[in-house]
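Hi,

Here is the structure I promised to pass on. Have a look at it first, and then read my notes below.

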Amino acid sequence: MSVTLRLVHRAGYTYSGPAVASYNEARMVPKSTLAQTVSHTRLEITPTPWQDSWIDYWGTNVTTFELHEPHAELKVVAISTVTVHRGHESGEGAEAPGRHLGWDEVAAQEVVDDLGEYLDLTGHCTTGAAFAALVDEVRALSQTPAQFVDDIVERIHRQVGYRRERFAHASTADKVWNAGKGGSIDLAHLTIAALRAAGIPARFVIGYLLPDRTAEIGEVISGHGHCWIEWWDGEWVAFDPAVRTTPDDFYIEVAHGRDHTDVAPLRGIFTGTPGSKMSVTVEISRLA
């Protein structure tokens, strides 16, 4: 099965007073992977800036742009057509296709050397004392990394309620655990923190999700930015801890990295009157 989706992601800033100049990076264009093929993409920026495109360290399509004239607002629109072909159906649980490595294999020196960046407890993926104790408990009871992932996701689900969000501000894993609620960004960070603390390489994935799988061809649906994870089991295994399912053909990947800091869709700085308000909308339609 494959699904072709048209994506329109609008993002931007309205400034409290005219911005004299601004310097920005956009990571809003999906990339072609083994699971998806990008047939068309376009990035529209208003006002028209100086811009340059490049591929960053993590393999993400990045557009850097600068404006050196007063502007009251900044608008960025990414329009893409993507055919997704993940090759499996969505299902509950984290036990997705993989080799199901043992603990010794995951801890092998070659894995640590190759994937060490995905083992670091980065700023957003920190574990407080209570959560770290839970991770240790589940780790001791898990015979395999795959079992650990399944069990820790279940424990997180009991403690932390999911609230849908658009690309919102990302918190730290320990704060999310203590708050008992979070968006897909937060649940991804929390799950990654647990996996890394247990010695399992894990990376943060950002993209989009068509929430209505029964949508008619051509029907425009209000979609949303969404985040999930991939963990190492001899190959990268995708899993969405927010809804405890394996991503299917209605997920579009844009970028992956260590945490949200590596993949923020739009960020920048500006000079002028302090204060700005960000706006984000996502529209997705099924073409085939």
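Let me start with helix α4: what covers its buried residues includes α1 (103–106), α3 (129–141), α5 (173–179), α6 (184–197), β10 (224–232) and β11 (236–239). Helices (H or I, at least four residues) and strands (E, at least two) are DSSP runs, numbered from the N terminus. Buried means under 20% relative accessible area, exposed over 50%, and partly exposed in between (1.4 Å probe, protein chains only).

Before you go further, note that this is a predicted model: local features need pLDDT of at least 70, side-chain atom pairs count only at pLDDT 80 or more, and totals for chains, interfaces and linings use all residues. Residues are numbered from 1 along each chain as its sequence is written, and side-chain values use heavy atoms, with hydrogens and water left out.

Back to α4. It runs over residues 145–159, and its 15 residues reach 21 Å from first C-alpha to last, close to the 21 Å expected at 1.5 Å a residue (the expected span is 1.5 Å times one less than the number of residues). Its buried residues are Pro145, Ala146, Phe148, Val149, Ile152, Val153 and Ile156. They sit on the same side of α4, because they cover an arc of only 155° around the axis; the arc is that of the directions from the helix axis to the C-beta atoms. An α-helix has 3.6 residues a turn, so residues three or four places apart point the same way.

Apart from neighbours within four places in sequence, Phe148 is in contact (heavy atoms within 4.5 Å) with Trp103, Val135, Val138, Arg139, Ser142, Ala194, Leu195, Ala198 and Ile200.

Next, α3. This helix has 13 residues and reaches 19 Å from its first C-alpha to its last, close to the expected 18 Å. Phe131, Leu134, Val135 and Val138 are its buried residues, and their arc of only 100° around the axis puts them on the same side of α3. That buried set packs against α4, α5 and α6, while the face turned away from it carries the exposed Ala129, Asp136 and Ala140.

Two spots elsewhere are worth a click. Pro30 lies in the loop between β1 (3–26) and β2 (36–46), yet it is buried, at 2% relative accessible area. Its contacts, not counting residues up to four places away in sequence, include Leu7, Val38, Asn61 and Ile252. Glu66, in strand β4 (residues 61–67), is partly exposed at 24% relative accessibility. Beyond its neighbours within four places in sequence, Glu66 touches Ser22, Tyr23, Pro49 and Trp50.

Finally, the whole chain. It has six helices and 14 strands. Its radius of gyration is 19 Å, close to the 19 Å the globule rule gives for 288 residues, so the chain is as compact as a globular protein of that length (taken over C-alpha atoms; the rule is 2.2 Å times the number of residues to the power 0.38). Buried residues make up 53% of the 288.

Cheers
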